[in-house]
Amino acid sequence: MAPSVVTIGSVTQKTDAPTIQGPYKDFDRGYLNKTKELSGTEKHSPASYPHYLPTFELTGPKENGGVYYPLEEFEHYDHGRDADPSFPHLLPQGVVQVENLTPKFGSEVRGVQLSSLTSAGKDELALFVAQRGVVAFRDQDFADLPIQEALDFGGYFGRHHIHPASGQPKGYPEIHLVHRGAEDPTLNNIFETRTSSVAWHSDVTYEKQPPGTTFLYILDTPKDADGKISGGDTAFVSMAEAYERLSEPFRERLKGLRATHSGVEQSAAAAARGSVVRRLPVINDHPVVRTHPVTGKKTLFVNPQFTRRIIGYKYEESDALLKFLYDHTAYGTDFQIRVKWAPKTVVVWDNRIAMHSALLDWNSGGRRHLARITPQAEVPTESWD
Ligand SMILES: O=C(O)CCC(=O)C(=O)O
Ligand SMILES: [Fe+2]
């Protein structure tokens, strides 16, 4: 397929999309859309955290019309390097319970308060999440902290990313919001044109330095008619195990390949629905297999939302290879987990290791509201011994 051209405001950009996946999935509206209900006072499930409801002003530099300037490269230091691998601060024995959701990927932890961790504990958190891929911490006070305190905590793990197209709590552009309001009809519309709501991705991989240790915390969870929490889980897939499952000859074939990742379609979709574009979109290329800076493990690093093309391959060749990798990861129920949200849950994942997808499976009209803190990490690299 030929490259297409996308216009955002007065700027026209060329992109390698569309690929086999088609354009950026439009039901992401549900996460990013402008919302009419900013008061939190509507009768169906008022927001539990109204100060976290999304706002869509342009909050960048005034002299640039509120649009943020392009991100500059920075030196990332991964604190997982300094962690004690016996995790004495994060997982003190007899105090903290760890349940592994599957043998190699995903854990659930109770008994530690993330916001009280010392630097040593935070170093251990970075390492533990790098080892397990995704960890759900229950009974956290994160959502109840002043927003700035939650941001200060997250800032330890890298420079905060400001999302180019999502809503933000007033005054806190570094928080990315996921919000499907009460009675939002978007959910029903999705299934008029899609058979599934699954949209596997790693976050903002179009950036030159995509996020590493990433925090998502629940504010409101959809409920059944009888008031019980049901629906809106988040699925995760291990891209480390996805790589492990490949044969040696196939891994050889991936060695050295790079792919383009584009933010153009996401911003164009936001512009098309009259929402904000906070920073002009970028396209960057990354290795198809990257090496984790702390664990040294290799992970597949392509995703159907943002990856567009294997560099140097013809479109059909690139589409065929990417389709195989997407099918392989999507079918891999034996290397996926699913987090069921409960009040006070904070999920921490390593965006270099896990892809994820929200599951939009409820039609009770209940609100789903989450906040994400998204520290950026290193420029992805591959190393081969
Ligand atoms: O809503 C979710 O479960 C995940 C949304 C998402 O993709 C994100 O915040 O990065
Ligand atoms: Fe995401």
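1. Which residue in β10 does Arg258 stand opposite? Arg258 stands opposite Pro287. The model is predicted, so it is read with limits: local features need pLDDT of at least 70, side-chain atom pairs count only at pLDDT 80 or more, and totals for chains, interfaces and linings use all residues. Residues are numbered from 1 along each chain as its sequence is written, while chains are lettered from A and ligands numbered from 1 in the order in which they are written.

2. The chain holds 8 helices and 17 strands; these are DSSP runs numbered from the N terminus, helices being H or I with at least four residues and strands E with at least two. Of the 385 residues, 46% are buried. A residue is buried if 20 or more other C-beta atoms lie within 10 Å of its own, exposed if 12 or fewer, and partly exposed in between, with C-beta atoms placed from the backbone.

3. Strand β9 (residues 258-262) is mostly covered, with 4 of its 5 residues buried. It pairs in the antiparallel sense with β10 (residues 283-287) over 5 bridges. β9 also pairs with β13 (residues 307-310), again antiparallel, over 3 bridges. In β13, Thr307 is the bridge partner of His261. Two strands count as paired if DSSP finds at least two bridges between them. Strands of a sheet pair through backbone hydrogen bonds, either parallel or antiparallel.

4. An open sheet is formed by 3 strands in the order β14-β8-β16, with antiparallel pairing. Its edge strands, β14 (336-339) and β16, each pair on one side only. Strand β8 (residues 234-238) and β16 share 5 bridges, and Val237 has Met355 of β16 as its bridge partner.

5. Around ligand 1 there are 9 residues, the closest being Val178, Asp203, Thr234, Ala358 and Arg372. A residue is near a molecule if its C-beta atom, placed from the backbone, lies within 6 Å of it. β16 (354-358) and β17 (368-373) are the elements that give two or more residues to this shell.

6. Where is Phe56 placed? Phe56 lies in the loop between α1 (29-32) and β3 (97-100). Phe56 counts as partly exposed because it has 19 C-beta neighbours inside 10 Å. Phe56 and Gly167 are 111 residues apart in sequence, yet 5.3 Å apart in space, C-alpha to C-alpha.
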